[in-house]
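Colleague: I am new to this structure and would like a short tour. Could you take me through it?

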2 protein chains.
Amino acid sequence: MACNQIETEEYKKEMKAIQDSMDVLNGKWKIAIIKSICLYNQRRFSDILNDVVGISNKMLSKELKELETNKLIERTVLNTQPVTVLYELTKHGLTLQTIIKDLTDWGFRHREEIIGKSL
Amino acid sequence: MACNQIETEEYKKEMKAIQDSMDVLNGKWKIAIIKSICLYNQRRFSDILNDVVGISNKMLSKELKELETNKLIERTVLNTQPVTVLYELTKHGLTLQTIIKDLTDWGFRHREEIIGKSL
DNA sequence: CTGAATCCTCGGCGATACTG
DNA sequence: CAGTATCGCCGAGGATTCAG
């Protein structure tokens, strides 16, 4: 119900907003990385590298940079020997949780719908 | 809060579920197409082609097929001259509305957070 | 009108090696 | 440990043309 609305101006704005969201979340790894950090609140580079099965260090490095640019995570360098780098979600990053939860729920329902059985 | 949970089995399932969702929604066009159909409940090929700015017919055709495979939309061919083809959301397709709304809202907030002002 | 077919480009992503 | 550098594949997606 009520997903129709004729206001085209509003419609265009919404489309842009969605594209913004998708750009941030797109790609093969972003959400997996966020989940990894989220799971432990704080996580090191190599920890995430282990958590996110299949990712290469190059990709991880790139994705982390993008997430930081988008102010979703924060990078902290510790003066240990050798260096330790911690990543954690920002306040803004934490607001993604609703979406992530919805995506999870819908994913389960979708699988049932398509394959006819759950995980 | 409470996005951490130690159960790794559950964690893996959730990751798969999210990947399922993202696979369905990924790419440059899927959500825009869904929104277009949704806006009018029923929409023809060339209508969507106009709604979704920038998409090529090849892409539209491909995306529509995928959406149909995923049982999100339904294709109806009318015996007109020339042929008319209608696309509409299925019940399952309509369940995406929550996610789409969340993505829209978050997109707005994100823009404020990053650029410092709204659309 | 609704696509399918073809050709081409560009960037995402992987593999491996190297650095402070 | 936490990345960078380099090479290269492959598929997403654009432009154009053809077909029923």
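Modeller: A word on terms to begin with: helices (H or I, at least four residues) and strands (E, at least two) are DSSP runs, numbered from the N terminus. This is a predicted model, in which local features need pLDDT of at least 70, side-chain atom pairs count only at pLDDT 80 or more, and totals for chains, interfaces and linings use all residues. Residues are numbered from 1 along each chain as its sequence is written, chains are lettered from A in the order in which they are written, and side-chain values use heavy atoms, with hydrogens and water left out.

Colleague: Where is Asn41(B) found?

Modeller: Asn41(B) lies in the loop between helix 2 and strand 1 (42–44) of chain B. Its phi is positive, about 70°, although Asn41(B) is not a glycine.

Colleague: Why remark on that?

Modeller: Because most residues other than glycine have a negative phi, and most peptide bonds are trans.

Colleague: Which residues does a cis peptide bond join in chain A?

Modeller: That bond joins Gln81(A) and Pro82(A), with omega about 0°. Pro82(A) sits in the loop between strand 2 (73–78) and strand 3 (84–89) of chain A. In chain B, a cis peptide bond joins Gln81(B) and Pro82(B), with omega about -5°.

Colleague: Turning to the interface, how many residues of chain B are in contact with chain A?

Modeller: 50 residues of chain B are in contact with 50 residues of chain A, where contact means heavy atoms within 4.5 Å. The area buried between the two chains is about 5000 Å², 64% of it from carbon and sulfur atoms. Buried area here is the accessible area (1.4 Å probe) that two parts lose on being put together, summed over both.

Colleague: How many salt bridges are there between chain B and chain A?

Modeller: The count is 4 salt bridges, each being a side-chain nitrogen of Lys or Arg within 4 Å of a carboxyl oxygen of Asp or Glu. One of them pairs Lys35(A) with Glu14(B), whose closest N and O atoms are 2.3 Å apart.

Colleague: Is Lys35(A) buried or exposed?

Modeller: Lys35(A) is buried, at a relative accessible area of 11%; buried means under 20%, exposed over 50%, and partly exposed in between (1.4 Å probe, protein chains only). Lys35(A) belongs to helix 2 (residues 30–40) of chain A. Leaving aside residues up to four places away in sequence, Lys35(A) touches Ile100(A), Tyr11(B), Glu14(B), Met15(B) and Ile18(B).
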